[in-house]
Amino acid sequence: MTSRPRPEAGSQPEPARVAASSAGMKKLLLATDLSEASSSATEQAFDLAARLGATLLVVSVIDPGSLLLPGGRFRARVDQVRESREKQAQALVERGRRQGIDVSFLVWTGDPGDHEFTVVLNSSG
């Protein structure tokens, strides 16, 4: 067994190494909240999908608990958040078309961990 040097804290894997080890990959899953903070992951997913000729599934789960204010009132309605995310995701589908990448999306409501795990199981065929 050989040991590999550990990456420095805060470093990210080199996309070329990821692609080289994933040559047979046909579907990629991008789990995202579609915020500005997740834009780097989105860019990497598009780059990887293009290089591998893979389809890209964008999944965004709305956690109603994250919309609660102290006292139990909602800072935003779930339907408003859903509409906003669907518009953002549709823009990613259109971007994919322009770049020759097959992109689809799912926007769900609930516990993000539960839904994202389900998508991985159901999309792995």
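Analyst: This is a predicted model. Leaving aside neighbours within four places in sequence, Ile-101 is in contact with Phe-46, Ala-49, Ala-50, Ala-54, Leu-56 and Gly-96.

User: Which residues of the largest nonpolar core touch the most other members?

Analyst: In soluble globular proteins, nonpolar side chains tend to be buried together. Here the largest nonpolar core has 16 residues, and those touching the most other members are Leu-28, Phe-46, Leu-56, Val-58, Ile-101 and Val-103. Two or more residues each come from strand E1 (27-31), helix H2 (39-52), strand E2 (55-62) and helix H3 (78-99). H2 gives the largest share, five residues. A second, separate core has five residues, among them Ile-62, Leu-67, Ala-76 and Val-81.

User: Is Ser-60 buried or exposed?

Analyst: Ser-60 lies in strand E2. Its relative accessibility is 1%, so Ser-60 counts as buried. Apart from neighbours within four places in sequence, Ser-60 has contacts with Thr-32, Asp-33, Leu-34, Arg-85, Leu-106, Val-107 and Trp-108.

User: How many aromatic pairs are there?

Analyst: A pair of aromatic rings is described by the distance of the centres and the angle of the planes. With centres required to lie within 6.5 Å, the count is zero aromatic pairs. The ring of Phe-46 does have the charged end of Arg-95 over it, 4.0 Å from the ring centre.

User: What pLDDT does the chain average?

Analyst: The average is 79, and 71% of the residues score at least 70. Residues 1-22 have pLDDT below 50, and this stretch has eleven contacts in the model beyond near neighbours in sequence.

Notes:
Residues numbered from 1 in each chain as written. Predicted model: local features only at pLDDT ≥ 70, side-chain atom pairs only at ≥ 80, totals over all residues. Heavy atoms only, no water. Phe/Tyr/Trp six-rings, centres within 6.5 Å; stacked < 30°, edge-to-face > 60°. Lys NZ or Arg CZ within 6 Å of the ring centre and 35° of its normal. pLDDT = per-residue confidence, 0-100. Contact = heavy atoms within 4.5 Å. Core = buried A, V, L, I, M, F, W, Y, C linked by side-chain atoms within 4.5 Å. Buried < 20%, exposed > 50% of the residue type's maximum accessible area, 1.4 Å probe, protein only. Helix = DSSP H or I, 4+ residues; strand = E, 2+ residues; numbered from the N terminus.
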